[in-house]
Amino acid sequence: MNEIIAEMRLPTQELRDDIPFFTKVLGMKMDMIYPADDPQVAVFSGHGLRLCIDRAASEPPGTLRILCDDPDGFADGQRRLTAPNGTRIEIEERHPPMVMPKTVHSFVVRRLKDQAPWVIGRAGMHYRDLVPDRLGGSIIASHIRIPDGGPVPDMVHFHRVGFQLIFCIHGWVDVLYEDQGDKMRLTAGDCFIQPPEIRHRVLEASDNVQVIEIGVPAEHVTEIDHDMTLPTQHLRPEREWQGQRFVYNRAEGAAWQPFRLPGFDCRDTTIAANTKGVAGVQVVRPATGAGDPVWAAHDTDIHFTFVMNGSVTLEGEGRDPYPLEQGDAFVIPPGMQTRLSAASADLELLEVSLPGVFKTTLMQAGAEPGAEPA
């Protein structure tokens, strides 16, 4: 097969001025120059790029972004330059540090019957936004579905993220993960935690598979890994990525215990332990013989809940009650007193908190909001 080379063409008015800039300032190599008696074209290469600077080019000069690990050590620390031919040069970090925005707390209720739009995202998946204001950019919570089952057109990829949860609420999906062995099938009630930058690939899904995906922060980069093949040859279940371990938690056979709120039980997904407290994820259901609901407040930064099954009423201080049902979601800000009442027997809630360990303050039984804690 013949070698194929792609290059970008840029205009110039005076090639003699551009040569020292692209070679000395930007550190590129000049590979060609012609014609010899009156040079009109010069070709430069470097930093994974090939440039053809041509006096006959009529297009505008454009912008060249150079990504490097040490921007301050490149081009004498200049971040914005303009070449003699007018090309704008931007020097940026190749892997900029992840910015965790400060949470803008708000009380959010998102109901399925309000018909929030589904949008088509990566690999043809449908996305519904569960926290539209994203709490100032600190979190994205998505209800994701794949209407038609079968192979998923996905590639090996990873996310530059602080925390990411995949919780299946309907159907099944097969996924491969770096250093975790053969494909794993996520079914309703199961969840994965995808540690930062773990390579993975979605293989196949059932008809109408649905998952809840939580990502922190809301805006994070997804990168394709063209070199890695999954599954990898090593099985390393204890490996950590930025202090977090991969979790495959299954609903089948899970142990239930009393929840932090009276009248409910929960099953823990082990995510708090495996993220060293970055986040906590629990499934909640009504306890047998539950008494009257109580008002409570929490002190964690982010507190998100999704109604997976059944119905419940969310009451909040100074708010009208919200009757909630399957597909609805809500966020409770720290310090706000709320209570869950009129829970159906088949109620199941998915609760996600960041950080995973926090304090809950219960009010006196039968007391209204503003009463002294129990």
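Analyst: Here is a walk through the salt bridges.

This is a predicted model: local features need pLDDT of at least 70, side-chain atom pairs count only at pLDDT 80 or more, and totals for chains, interfaces and linings use all residues. Residues are numbered from 1 along each chain as its sequence is written, and side-chain values use heavy atoms, with hydrogens and water left out.

Side chains of opposite charge can pair when their charged atoms come close. A salt bridge here is a side-chain nitrogen of Lys or Arg within 4 Å of a carboxyl oxygen of Asp or Glu. By this rule the model has 21 salt bridges.

Start with Glu 59 and Arg 9. Their side chains form a salt bridge, 2.8 Å from N to O. This pair joins distant parts of the chain, 50 residues apart. Glu 59 lies in the loop between β4 (49-54) and β5 (63-68), while Arg 9 is in strand β1 (residues 8-11). Strands (E, at least two residues) are DSSP runs, numbered from the N terminus. Glu 59 is partly exposed at 24% relative accessible area; Arg 9, at 44%, is also partly exposed. Partly exposed lies between buried (under 20% relative accessible area) and exposed (over 50%), using a 1.4 Å probe and protein chains only.

Next, Glu 223 and Arg 160. Their salt bridge spans 2.5 Å, N to O. It links strand β20 (residues 221-224), which holds Glu 223, to strand β13 (residues 157-160), which holds Arg 160, 63 residues apart. Glu 223 is partly exposed, at 24%.

Asp 114 pairs with Arg 111, with the closest N and O atoms 3.7 Å apart. Asp 114 is partly exposed at 48%.

Finally, a network of salt bridges links Glu 178, Asp 179, Arg 236 and Arg 239.

Terms used: Helix = DSSP H or I, 4+ residues; strand = E, 2+ residues; numbered from the N terminus.
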